[in-house]
Each structure stands twice: as C-alpha cells, then as structure tokens.
Amino acid sequence: MHPAFSVILLTTLIGAGQGLFLALFTGQLYSVFKLLPEQDSVHFYALGSLLALVLLVAGLLSSFFHLGRPERAWRSAARWRTSWLSREVIALPAFMLLVAVWGLIHYLGWNPVLVTFGNSIEIDLSLVVGIVATLLCFTLFLFTGMIYACIKMLQEWATPLTVINYTLLGSSSGFVLATVFAAWQGSGMTLFFAGWSIILTGIALVTRSASLLRNARLKHKSSLQTAIGIRHARIEQKAQGAMGGSFNTREYFHGASERKFKSVKWVFLLLVFPVPLVLIGMGIGAQAIGWLMAAFLLQYLGLLMERWFFFAQANHPQNLYYQTV
Amino acid sequence: MTQLALVIDLNVCVGCHACVTVCKEWNTSGTAGYLSDMNPFSKDPTGTFFNRVQTFEVGQFPNTETVHFPKSCLHCEDPPCVPVCPTGASYKRESDGIVLVDSEKCIGCNYCSWACPYGARELDAEQKIMKKCTLCVDRIYDESLPEAERKPACVLACPTNARLFGDIDDPNSEVALAIREQGGYQLMPEWGTQPANHYLPRRKTRITIHEDELVRADNPLKKERQKPMPDPGDPTLDETTSW
C-alpha cells in the first residue's frame, strides 16, 4: 500500500491524544483512592485535557486531507451498521466531546460529589464522565484498528494484533506525553506516568514484534495463478494495459527501495521502543524535562515511521495484476 | 433473482483493446461524469478506465502462450467493497446485481478500493470520486436503442465475440450455458466474493488416435493374435480381391 501521510498523522495524533487522556484519567482514579496525591483541577486536568483535545482535533483535521471530497465528509457517519470507518467517524467526535466535557468540569470546578463510599472515597461527576470517556477511548482504538484489520484481503493487517498494536502504541505515546506534562507541572504523578510509560512501551514492543514476525512468515492466499485462473507454474505479466501507470499503481505500491523499506523498520523499532525508555530513565534520574520531551518527540517520530511501515508492508492482492508495464 | 454479468472468453480474446477504447468513449459521457486523463499527449499518460486489457505469458519458451486478459469490475455477488463504504455511496442493486457508485455521495476515501482484491475501482484523479464499471447501466435499459444494442458497449465492440452479456441466474441464458458447458470460472475464489463475471478458459481440441486406426487390420482374428499378423508389405485383401 502507498502510505498516505494524512492517515499516518491521523492515527498517530489521535493515538497520542487518547493515550494522554487515559493517563490523566488513570491519575485521577488513583488519587480518588488516595494512592496518588491530588492534582490541581485547572492546571493539571483541564490543561491536560486541552492538550489531548488539541491532538485529537489535529488528527481529525489531517484526516480530511485523505478525502477526495472533504466537503461531503458529513455523509460518512451513515453506514455505521456495516462500516468500521463510519463507526470511527462517529466515535472520534463523541470521544472529543467527552474529553472536552471532562476538561470543562475540571476547569469550572462544577464537580458535585455523587456518591460517597465510607468516609473518604468520593465519586464525583468528573469521575463518571471520565469512565464513560475511557470506555469510548478503547472503543475508538478498536474502531481505528478494525478499519485495517477487517479487510481480509490485506493479510498483513487482518489480525487482532492490528487492534492491539494501535491501542498499545497510542497508549504508550500518550503516557510518555503525560510524563512530560506532569514533569512540566511539577506534579507528583511524574514517576507514576513514567512507570506506566515503560510498562506500556515494553508490552507494545512484544505485540508489535509479534505482528512483524507473523507478517514475515505470512503466506499470501492469492497468486498470479488464482488472479487470472490459469494453472501453470510460470506466468509472467507482459503488459498491464497502461503505459503511464494508473490509480492502481499509485495507490498500492509504496515505491520505496528495498533498502529504505528495511531501514525504516529498524529505525522505528529503535525510536519507538528503546530510545524513549532510555531517555525517560535519564530524564527521571536527572530531573530534566528536556530529556522527557526528547523521549516523546523521538518516539512520535518513530511512530510516524512505524505507521509508514505498517502501510508499506501491506501487500494488496490487486498488485498481482500490476507487475510490469 | 437476476444477476447481470459478463462472460469473457480467453480462448478468443486477441487483445485488440477495442473494448477498452469503446468503454472509455461511452462512459466518459456517462452519468457519473467524465473519465479524466492526465498528460494524454505527453510523457507518462495516465487516466481513469473501467476496463483494461492486460497481457500475460504462460509457460517457458518455446512452450509459451500469450494470454490477453480483459479486466473490469466483476460485480461480485458478495461484494466486499459495499459494506466498508462509510457513506453508502457504494451499493449493489437488488434488481439486477450491478455494483455501482453514487457519484453524489462518494467522498473519495479510497476505502472501497482497498477492500476489492481485483483492483477494479479507480479514483478519478480530477473529480476525486471512485469510478468503476457500470455494466453500461445507462445503455442496457435504454428503450430508445434497438433491442440488439441494449448491451454494454464493450460487448458490442468486441470483434471476436469474446465478451458475452446476460443474466447468469437464468439457467437458459447464453452466459449461463457458456459457464456451464465451457468451464467458466471465477477469479480469486479464495476470497469468497463470488464474482458474477466469469472467464472461459483456453481450450484445445485434441483427439486420441490409436495405431490400429491408422494401420488396417484386415482380419480381426489376426489383430487379436490368434493368427499370425500379415507382413505390412503383403498386399491387402482389397488389393487382391475384387468384390
């Protein structure tokens, strides 16, 4: 597949935004149970959710550049019964709305206590909104991943690992960003976020490697024999019906050299996993926000390459019809 | 049920591209808008087509065969491109099984083309909407045309009659007969898309001739070795006897 930069941006930006929200809400949940110190609702939660919202909006905006007719984008919510893309189109703004409401509750301090357990555990409105937003956040990860995983013809994508990787890589990116944010705020949650960043990045390394191993051993179902229905061991294409290429050659071939393709894989494996882990360790050790910021930015760069590789690696069966001019 | 489809006979296709040309000519003035071309008269010409003829070489020299392979939307009975469309622009008609794109609803997201294993859909580079073969839906029901011409343009243009058109669900139709009696097959059956368009394979006519059909055995008893066989140089019964 030809990697579209708009889709790469969309999936990485909303992944980071979703992960950041998950991190902030996890922090709030821990502080409700007195496991972590309470945070300032305006400077920490409201500002943090604004940051998450900015990422989500940026992702949504970049998705419009993937559409041939962006002015008709509103129509794309119509077929949620059958289309995962349509479901994502509904879930993304819904999640954005809930994050905005959650942030606004913190900003305005309009946060009535709904239930009190024992003497100390108070369930307030922001917690309820946060739980609903968290469920929607995971639903959105599912929908985004299923857009790719549901196309059985793209065998590199048609695996539950696609959904798992979208979820874990987005969460990892968001938790790293939350670490930067908490350190910048001088919050007591920095170590907590850093710890979860390391755990999530470690699990993501396992699942992403699993999908790389799976795809390396993948046996494609279609062949030139099934494509034109002639049973002969040696079939060679001589003409594809057009000299100057077509939509089929532009959309389905990444066009990069084998060397570039392979090096992208190793560079993203380096940038997404070990580099941020080392930088977080250095940042926490030296109490320096610069290292943490570098961890987030380098990992994000790595995620852009990861997504590029994700698309480029998918080998569409239609390519069998476009082997040579 | 009705399922209109093409049956393409690879045994007779000569790869002349007449179907490609006439398809472009007819459909560029179709209801879904023109089929745009980029650099049509300069280097690397490219454009939107519903139908393409590709060429494959089967076998190793000297035992090779050139197969010309016309390729267009196969109007699958279970089209994977339809459920993935987020707007409902991509749809399959209940009445005749034709898979179409509503040019007013398409947002040009390319998702349907990702789901099509055959690469049958092309995004128009200028209008930014998905285009595909319509089975000339604006011809086949046009009552102002003589009945013989109510067929897809490619079918009418084919000089070797390699393209047949009809309802494959009607067991007595020309296409159903061709599929049944001449080994019609579907492309990439592994995806379960059940393409309505079928292809007829290359067919060779061979007969098996045994030696005794060439060498006359006058006396069946001799053939069965109950009597010694005559020397091949000996005169035959016909030559020695006047009936």
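**Helix pairs in chain A**

Author: Let's start with handedness: α6(A) and α10(A) cross in a left-handed way (the near helix is turned anticlockwise from the far one by less than a right angle; clockwise would be right-handed). This is a predicted model, where local features need pLDDT of at least 70, side-chain atom pairs count only at pLDDT 80 or more, and totals for chains, interfaces and linings use all residues. Residues are numbered from 1 along each chain as its sequence is written, with chains lettered from A and ligands numbered from 1 in the order in which they are written.

Reader: Which residues of α6(A) and α10(A) make the contact?

Author: From α6(A) come A:L191, A:A194, A:S197, A:I198 and A:T201, and from α10(A) come A:P276, A:L277, A:I280 and A:I284 (contact means C-beta atoms, placed from the backbone, within 7 Å).

Reader: How many of those are nonpolar, polar or charged?

Author: Seven are nonpolar, two are polar and none is charged.

Reader: New topic: at what angle do α2 and α3 of chain A pack?

Author: Helix α2 (residues 41–64) and helix α3 (residues 84–108) of chain A pack at about 160 degrees, and their axes are 8 Å apart. α2(A) and α3(A) are therefore roughly antiparallel to each other (a term for angles over 145 degrees).

Reader: And is the crossing of α2(A) and α3(A) left-handed or right-handed?

Author: Left-handed. Among the residues in that contact are A:Y45, A:L53 and A:L60 of α2(A), and A:M96, A:W102 and A:Y107 of α3(A). By class, the contact of α2(A) with α3(A) has 15 nonpolar, four polar and no charged residues.

Note on methods
Helices (H or I, at least four residues) and strands (E, at least two) are DSSP runs, numbered from the N terminus. Two residues are in contact if their C-beta atoms, placed from the backbone, lie within 7 Å. Ala, Val, Leu, Ile, Met, Phe, Trp, Tyr, Cys and Pro count as nonpolar, Asp, Glu, Lys and Arg as charged, and the others, Gly among them, as polar. Axes are lines fitted to C-alpha atoms, for helices over the stretch in contact, and angles run from 0 to 180 degrees between N-to-C directions. Angles under 35 degrees count as roughly parallel, over 145 as roughly antiparallel, 65 to 115 as roughly perpendicular and the rest as oblique.
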